[in-house]
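This report describes a structure in terms of its domains, its chain contact and one of its sheets. Please consult the sequence and the structure shown below.

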Amino acid sequence: MTTLEQAPPIGRSLPPSRAQRPLDVARPAPALRRAKDHLVAYGLLFPAMAVFTVFFFVPAAYLVYISFFHWGVLSSATQFVGLENFRHLFAQPLFWRSLATSGYYTLVMIPATVLLSLGVALVLREAVTARRGGIWRAAVFLPHVTPVVATSIIWVWIFNPQFGLANFVLKSVGLPALGWLSTTQWALPAVMIDSLWHSLGLYVIIFLAGLANVPRELVEVARLDGAKRGRIFRRIIWPLLSPTTFFVVILATVNSWQAFSQIYTMTGGPHGGAGGPAFSTTTDALLVYQTAFTFDHFSLASAMALVLFSIILLLTLVQKVISNKVVFYR
Amino acid sequence: MARVELHNIVKSYGDQRVVNGIDLVIEEGQFVVLLGPSGCGKTTTLRMIAGLEQITDGEMYFDGRLMNHEAPERRGVGMVFQNYALYPHMTVADNLSFGLESQRRRGSRRKARAQERARVLQVARLLEIDHVLDHRPKELSGGQRQRAALGRALVREPDVFLLDEPLSNLDANLREKMRMELSRLHDEMPVTTVYVTHDQGEALTLADQLVVMHEGKICQAGQPGEVYSAPGTTFVAGFLGSPGMNLWELPGAPSSDAGASRGVHLSGEARGEHVPGEGPVVVGVRPEHLKLVAEGEHCPARVDCRVDVVENLGSHVLVHAKIQSSKQASLVAKLETSAGLRRGDRVAFGAQAEHVHLFDARTGQRLGHRLARERTSVGV
């Protein structure tokens with residue numbers, strides 16, 4: 001037992017002897033231990049980092065590089081042209097039209113995605129019993145795991161003006177048949193319907209997870225407070241769901257600006273003519289592809305892709321700034 | 001204020017019955033505490049009163065009005081949840097006024113708002129949270145959150161006030177303080193209150209009437225002191241008190257003063273009205289009623305044992321001892337710190353006749369002394 005006389009003076013503690021710290025004897029020095037930890041961490045990260053570097057970072061950096069050059073896949077000569085590609089790009093009416101088409105597509109897709117997927121998520125959560133819930137969730141999610149090309153081909157059949165299901169339904173309710181993919185007016189909406197159907201499952205699952213995070217007690221207490229369903233949704237669920245909604249908006253924005261496969265498959269496919277009729281479905285992403293792989297202007301396509309990247313980045317940043325005011329994080 | 005009546009209330013989830021035929025009458029303005037271990041059905045009962053759970057069978061009335069199928073918002077109940085359930089994105093003022101706004105009727109909105117603000121301020125002052133009205137819940141301390149949750153339930157002047165383990169998230173000191181606050185609040189605003197807890201300290205101090213529940217049924221209901229001093233079943237005896245009552249099962253009450261069964265000596269005085277030979281009995285004595293008995297000293301109930309563990313709790317010691325001539329039976333005695341017992345000491349503990357409780361070992365029901373209240377109704 002330590003007596004008062006033996007105790008070290010306050011504030012001047014004695015260094016612990018080796019005998020008092022048997023566990024520390026075998027441990028390496030902190031710096032060495034940290035270095036070892038880092039090595040293990042980087043070792044575990046290496047496979048993913050390698051794949052990302054080879055297939056994402058290097059091509060992205062190379063894209064920025066060639067956007068300032070005249071460059072072709074088959075020609076070995078490259079020539080620095082500065083901002084020439086960008087000047088040429090901005091002088092093209094088709095580029096501006098494709099931007100407008102992409103903007104229109106995004107503007108329609110974001111609210112449609114949010115409203116539809118949230119609505120379906122609410123119905124799935126409210127109306128479906130736990131046992132059947134899994135089946136319905138799987139049914140809604142299934143289109144998303146099917147390749148876009150496959151679902152788009154199905155929608156091409158559905159939108160067939162002569163024997164498609166879409167016109168059959170329209171006619172059966174007394175409405176006139178539409179030209180769908182063969183008309184400039186309805187081609188883009190037809191693509192939007194396919195995109196919505198294909199991506200809905202993902203957003204529904206995200207919203208279902210968000211709804212599951214809204215504490216049940218808050219809804220119960222609001223009911224006891226006398227609030228009706230509409231008011232509970234507006235004042236309790238919607239604000240608490242705002243981080244999820246924000247995430248869905250960001251995801252829908254990026255996916256809409258990058259929409260390619262469904263447009264390519266539905267409006268032309270490998271036989272050519274994608275983006276028609278009369279460029280009505282030529283979005284920025286499609287134009288990038290066509291410029292690079294159909295017309296072999298890789299430098300111009302790179303400049304275009306860089307502009308597209310800047311637009312998405314800018315939009316995401318704007319959304320982030322807005323979100324600080326409207327999104328509530330618990 | 002409302003009079004609440006529960007008649008043979010049953011709640012089942014599929015084949016599983018979680019509440020199994022509850023009969024309870026809660027008079028206007030009473031503070032009733034539902035006490036029981038986890039899973040005994042007390043919270044489910046509370047949620048059925050609130051209307052958050054459908055009643056499977058039975059009838060519930062508020063002031064004679066059948067409430068079985070009435071929507072929660074039409075029952076006039078205010079509820080405080082265990083985790084407070086404050087709206088995290090709203091200020092305290094908005095939390096308090098949400099219910100008032102939801103029930104606002106058509107008419108002058110400006111006038112209604114002014115009245116709501118005044119009411120919110122009045123309740124906030126009563127609960128001493130008027131200085132944090134513009135704060136969000138995450139900026140509040142545990143006690144302030146608790147008060148805000150109480151305020152939100154009280155601001156609408158409910159007929160029935162329901163509290164589901166409202167103090168369980170607070171630390172020990174704050175819990176004690178809030179317990180007193182709740183008691184004061186009920187004195188100032190005597191609303192019919194149903195309070196659910198598994199903390200017997202809260203139950204005994206707060207309740208006008210205490211209802212002990214076990215396995216979906218009411219074991220005993222009555223005034224707290226009454227339930228504590230005359231437990232109706234072995235479950236209530238063992239559950240109430242810290243530590244619970246010592247219970248020893250004997251094959252039959254010893255028929256003579258000199259006889260002992262499994263190390264427990266009971267005189268005729270201690271056996272009371274119990275007739276020997278009725279079958280196995282359970283003898284119960286509370287730890288605080290056990291005293292050390294000297295060799296040869298007469299005591300109506302006497303147990304010879306060997307000290308196993310002595311726990312010093314500052315104000316008193318808890319002595320855990322093994323009963324001699326019984327391999328498994330043990331006892332706990334609450335003694336003064338000056339008792340000076342050590343592990344291995346051979347001692348005798350005794351209790352006065354009025355502190356000896358007898359129960360039927362087969363049914364667990366109290367024997368001998370009649371219960372002050374055998375009805376489960378807690379009406380006055």
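What percentage of the 380 residues of chain B count as buried? The share is 42%, where a residue is buried if 20 or more other C-beta atoms, placed from the backbone, lie within 10 Å of its own.

## Basis of the model

This is a predicted model, in which local features need pLDDT of at least 70 and side-chain atom pairs count only at pLDDT 80 or more, while totals for chains, interfaces and linings use all residues. Residues are numbered from 1 along each chain as its sequence is written, and chains are lettered from A and ligands numbered from 1 in the order in which they are written.

## Chain B overall

Chain B contains 9 helices and 21 strands; these are DSSP runs, numbered from the N terminus, of H or I over at least four residues for helices and of E over at least two for strands. Its C-alpha trace spans about 85 × 45 × 35 Å along the principal axes.

Among the contacts in chain B with a separation of 6 or more, 67% are between residues 24 or more positions apart. Two residues are in contact if their C-beta atoms, placed from the backbone, lie within 7 Å.

## A sheet in chain B

One open sheet of chain B has 4 strands in the order E11-E14-E20-E21, with antiparallel pairing; two strands pair if DSSP finds at least two bridges between them. Strands E11 (246–250) and E21 (366–367) of chain B each have a single partner strand and stand at the edges, so one side of each lacks a neighbour in the sheet.

E11(B) and strand E14 (residues 281–285) of chain B run antiparallel and are joined by 5 bridges. Within E14(B), B:Gly284 is the residue opposite B:Leu247.

## Domains of chain A

The domain assignment, which is automatic or from a database, divides chain A into domain 1 (26–80) and domain 2 (92–326). The C-alpha centres of these domains of chain A are 32 Å apart. Their contact involves 9 residues from domain 1 of chain A and 7 residues from domain 2 of chain A.

On the domain 1 side of this contact in chain A, helix H2 (30–66) and strand E1 (69–70) each supply at least two residues. H2(A) provides the largest share, 3 residues. This side comprises 6 nonpolar, 3 polar and no charged residues, with Ala, Val, Leu, Ile, Met, Phe, Trp, Tyr, Cys and Pro counted as nonpolar, Asp, Glu, Lys and Arg as charged, and the others, Gly among them, as polar.

How values were computed. A residue is buried if 20 or more other C-beta atoms lie within 10 Å of its own, exposed if 12 or fewer, and partly exposed in between; C-beta atoms are placed from the backbone.
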